[in-house]
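User: I am new to this structure and would like a close look at a single part, the place where two of its chains meet. Please take me through it carefully.

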Amino acid sequence: MLSRRVARWIDDRLGTAQFARTVLNKVFPDHWSFMIGELALYCFVILLLTGVYLTFFFDPSANETVYRGSYEALQGVEMTEAYRSALELSFDVRAGLVMRQMHHWAALLFLAAIVVHLGRVFFTGAFRRPREINWMIGVTLLILAMFNGFAGYSLLDDQLSGTGLRIAYSITLSIPLVGTWIASLLFGGEFPGPDIIERLYVIHILLIPAAITVLLTAHLAILVRQKHTQFPGPGRTEDNVVGTRMWPTYAAKALGLFFLVTAVVAFLGGVFQINPIWIYGPFDPAEVSAASQPDWYMGWLDGALRIMPGWEVRAFGFEIPNPFFPGVLLAGLTFTALYAWPFLEARVTGDDAVHHLVDRPRQRPVRTALGVACLAFYLVCFLGGASDVLAQTFGLSVNAVLWTFRFAVILLPIVSGWFTYRLCKELSARDGVPTASRVTWREIPARLRHGTARRSTPADAEA
Amino acid sequence: MAEPPEPPEPPESAEPSAAEPASPAAGSPSAEASAIGVDDPPAPKGSASGPPAAEPLEPLDPRAGERVERGAALCFLVSMLAALGLAVTYWQGGNTQVEGVLLAVVTGGIGVGIILWAKHFMPGEEVAEDREDLASTEAEVAAFTADLEAGGSSLRSRRLLLASATGALAAFGGALLFPIRSLGPRAGRGLKGTAFADGVRLVREDGEPLKPSDLAPGGVVTVWPDGHVGAADAPTLLIRTHRDQPFRPRPGRERWTVHGIVAYSKLCTHVGCPVGLYQAEKGLLLCPCHQSTFDVLDGARPVFGPAARSLPQLPLGLDDDGYIVATADFSDPVGPGFWDRGR
Amino acid sequence: MAGRLPLRALAVAAPVVVAVGATLLGAGGGRAVAQSEEPSEAELVETGRELYATGCSSCHGDEGEGIEIVDGQAGGPSLENAGEAGAYYYLTTGRMPLANPGDQPRRKDPAYSPEQIDALVAYVASLGDGPELPDVDVDGADLAAGGVVFRANCQACHSASGSGGALSYGDAAPRLAESTPAQVGAAVRIGPGEMPVFGPDTITEEQLDALAGYVRYLQDPEDPGGLPIGRTGPIPEGFVAWLIGMGAMVGFVYWIGTRNPVERPVVEGEEDRG
């Protein structure tokens with residue numbers, strides 16, 4: 001048999017047959033929610049494939065030129081090479097627009113899949129020991145993906161992307177002490193800076209994709225090493241993994257899913273117009289359009305900038321400008337909290353046991369309630385980013401909408417967190433299973449300060 | 001063909017049960033069920049072991065199986081035809097919509113076909129794989145740290161070498177940081193001033209200077225310092241208020257306007273977006289990025305939104321030819337705030 | 001001329017008849033006018049004055065001098081400087097007459113026939129020295145130049161796609177989907193409501209033609225990318241990504257994750273597995 005001869009040949013040189021067999025027989029739990037991370041992986045593959053095609057045509061240059069392509073409504077308009085080549089890619093390169101649109105849709109879906117995956121891991125407690133490292137790699141991947149998405153749509157030098165860059169520049173500028181320096185070094189001078197597009201291009205197509213690839217590999221390698229978590233059930237214990245074997249069933253399903261994700265992206269890329277830069281026009285620092293929003297995954301930051309009241313700190317001629325608080329501090333706190341969460345939770349619950357069986361969210365009312373409250377906070381921020389469009393769509397006053405969000409951003413997390421807590425308790429009681437939480441809200445600060453003397457056993461945690 | 005294979009556009013077929021043709025037929029136990037039931041699943045070897053964990057899978061009714069097989073094969077066939085169509089489309093000049101939909105059919109057909117195949121004709125029984133302890137034994141960890149320490153102590157015995165080598169590496173690291181400085185010019189004073197100065201004319205985008213009569217009451221125009229059209233730090237709004245609007249100049253700025261024309265920096269003091277929305281009747285400037293609102297009649301004071309500072313005002317005058325000129329630079333540094341803006 | 005007689009008689013006999021009645025009768029009159037030769041300027045003004053007296057004077061005053069708004073009482077601004085352009089804009093876009101004087105004027109079907117509007121426009125123009133209705137000619141307009149003017153002066157409020165936008169304190173810049181070139185020209189010159197005024201020294205006649213041409217283009221632009229989903233960018237795009245994209249992908253994942261009846265494992269690999 002050919003396969004045996006090939007296996008023999010490779011094994012003689014690498015000695016991999018035993019390892020390869022283990023891989024073939026690796027067991028994957030069959031729950032659908034465990035495949036959401038795969039969606040992100042496949043979106044990333046599509047991003048690489050379409051992105052490489054785009055690089056053949058895109059010219060990341062800030063040099064001025066005059067448009068002479070086939071789009072009539074911009075004939076003779078002055079613009080940069082970057083914007084011109086993006087237009088050429090859209091109008092004059094065969095299959096260029098469908099590739100560009102697929103790339104952009106895949107980016108939106110990449111981030112969406114990462115966020116849903118993160119939510120799944122959080123609410124089922126799959127980040128607990130021994131998976132803290134992979135959780136932190138995952139958070140890093142989220143940050144890198146967000147940043148790369150922003151870098152990507154900022155390259156085209158249309159009016160919308162230039163506005164986004166200007167906001168990013170101003171947020172950088174707002175950092176106390178070093179902000180002006182960082183901004184100057186990043187942009188190569190005062191905004192708009194002569195170099196930012198070329199630099200973002202290298203960052204967008206080389207540095208961050210390489211970093212994502214490395215971390216993604218580590219993410220998957222650790223997952224293979226540690227094996228999957230699984231939901232509790234008959235025959236499922238802390239000492240085994242129950243599911244389908246890698247070969248051939250799971251491999252086929254994974255391959256099939258890759259093709260299905262490609263189909264979704266291709267369908268969106270062909271049928272739904274995304275980022276019509278020819279309508280936005282070339283970037284001009286003195287112009288802006290009504291309803292300028294970032295892509296969805298940056299929406300919470302834009303909304304936080306809007307919701308923040310007009311306060312800033314000034315003393316002795318120095319100041320901490322307003323955008324620092326929502327733009328730098330909030331973002332920093334968000335990701336610090338995400339990184340620290342597995343350790344914070346272990347400290348508060350005193351549960352640092354190994355967990356391979358994941359929780360149902362209802363079994364952990366405090367965690368679930370906190371998670372829902374955070375989601376509510378970011379959702380309000382996200383909607384705040386669309387305040388003007390909401391006001392226009394529903395015929396309301398922008399000011400009233402924004403004031404509503406200013407209250408909602410505090411009240412909604414509290415209300416939804418409390419409601420979730422009650423709901424979890426109720427559902428667990430109905431199940432006849434007491435919740436695992438032995439921590440009340442009131443104890444949390446003290447436990448965070450002092451840790452807890454009690455070290456629970458796995459049996460404790462499962463109770 | 002009783003069952004629909006897979007509609008051409010995958011997103012519409014997202015409903016799992018609709019896309020799964022065989023389940024109703026096989027859901028009811030049939031005569032053959034026991035004959036082909038999974039009564040004796042093969043025991044997994046290697047790392048996987050133990051009894052099947054979940055309830056045995058339902059057997060597939062052969063007739064239903066045939067239908068599923070034909071359906072999957074049809075998916076592959078449709079995919080092939082769509083690929084052909086893709087080639088023809090490209091050759092004919094291309095069309096984004098046709099390309100996207102055909103590519104979706106090509107990949108969707110393959111995907112659905114493979115999934116149907118995997119779900120119905122590949123071993124689907126659940127097996128349990130043992131999970132060995134990840135952690136090494138105390139003895140192994142102790143042995144590792146002992147080796148590490150042993151090697152380390154031999155390094156530590158040469159204190160002079162260790163100290164000087166550490167110093168050299170640190171110096172090397174420090175030296176590597178210097179090229180970062182090449183990335184941009186010194187930050188600072190450029191942020192605090194613009195090209196406006198006493199006697200500099202205000203010109204429009206086409207470079208033409210303006211006379212007060214060029215601007216109708218209730219009118220607005222974006223201007224730059226002469227010779228710096230398009231400068232990112234200097235776009236300025238020249239606004240002529242309506243005659244009946246009560247303009248209240250700031251103390252000391254009573255002579256900064258000409259013929260009811262007032263000039264403010266167009267850059268929002270929040271994050272520097274152009275404050276482009278002029279509500280002429282209310283005399284308000286609104287920033288479309290984050291809805292900061294400034295009162296033009298009251299020194300462009302922020303009245304709503306996240307901006308915390310007034311828009312800087314440009315003192316205006318007329319030159320000998322009657323054109324509008326600045327009489328100095330802006331009252332404050334323009335645009336967003338930064339650490340040492342006030343120094 | 002006979003066609004307009006009933007209207008004149010009515011105006012003389014019953015000066016306080018509501019505008020609706022006038023509209024009904026006026027419609028008949030308008031058709032008759034279309035059959036006869038063009039009315040002279042003076043006749044137009046005269047007809048306009050009659051229409052004005054019944055439909056407009058209660059808010060804008062007997063001679064267009066305006067009525068001060070006191071304590072929410074009905075009143076309206078002076079029309080002395082509204083000019084041809086102002087009257088044309090407000091009447092053809094249906095923003096005037098208003099049912100309640102305090103309402104925000106919004107686009108609706110015009111209350112008057114085109115001939116009546118001509119007459120009212122002529123009358124209002126005769127009240128003072130307001131701006132003339134610019135003669136906008138979009139045939140052969142330079143689209144690209146119009147786009148430049150649009151992005152420099154209009155997109156901040158009306159958005160780059162002409163879909164309108166919110167202003168502060170409940171005001172809104174309307175979408176431009178139904179604006180005719182003449183209405184665009186009139187609006188630019190008079191600055192209705194919160195809109196600033198752009199005189200001929202700010203936007204030249206030539207630029208105005210190009211601008212109106214570009215606005216007309218924006219009403220039905222090229223959409224090479226497929227369904228336009230509003231052409232306003234990230235918000236609708238985010239919705240599509242989440243609802244359609246994520247919806248479909250999670251649906252697929254759910255489908256793959258459900259267990260189905262399976263053919264008995266093929267025996268081919270059996271000897272390997274033991």
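Analyst: Two strands are said to pair if DSSP finds at least two bridges between them. By that rule, in this predicted model, strand β4 (residues 240–245) of chain A pairs with strand β1 (residues 127–130) of chain B, in the antiparallel sense and over 4 bridges. Within this pairing, N240(A) stands opposite D130(B), which belongs to β1(B).

The meeting of the two chains can also be described through contacts, for 88 residues of chain A are in contact with 74 residues of chain B. On the side of chain A that touches chain B, the largest share, 17 residues, is supplied by helix α10 (residues 246–271) of chain A. Sorted by kind, the residues on that side of chain A comprise 44 nonpolar, 28 polar and 16 charged ones.

A further view comes from the nonpolar cores. The largest of them has 268 residues, and those with the most contacts inside it are C43(A), L109(A), F110(A), A113(A), L238(B) and L120(C). Helix α5 (residues 96–123) of chain A gives this core its largest share, 20 residues. Leaving aside residues up to four places away in sequence, C43(A) touches A106(A), L109(A), F110(A), A113(A) and V261(A). Apart from this core lies another one, of 7 residues, which includes V27(A), F28(A) and V242(A) together with V127(B).

Key:
Residues are numbered from 1 along each chain as its sequence is written. Chains are lettered from A and ligands numbered from 1 in the order in which they are written. This is a predicted model: local features need pLDDT of at least 70, side-chain atom pairs count only at pLDDT 80 or more; totals for chains, interfaces and linings use all residues. A nonpolar core is a set of buried Ala, Val, Leu, Ile, Met, Phe, Trp, Tyr and Cys residues joined through C-beta atoms within 7 Å. A residue is buried if 20 or more other C-beta atoms lie within 10 Å of its own, exposed if 12 or fewer, and partly exposed in between; C-beta atoms are placed from the backbone. Helices (H or I, at least four residues) and strands (E, at least two) are DSSP runs, numbered from the N terminus. Two residues are in contact if their C-beta atoms, placed from the backbone, lie within 7 Å. Ala, Val, Leu, Ile, Met, Phe, Trp, Tyr, Cys and Pro count as nonpolar, Asp, Glu, Lys and Arg as charged, and the others, Gly among them, as polar.
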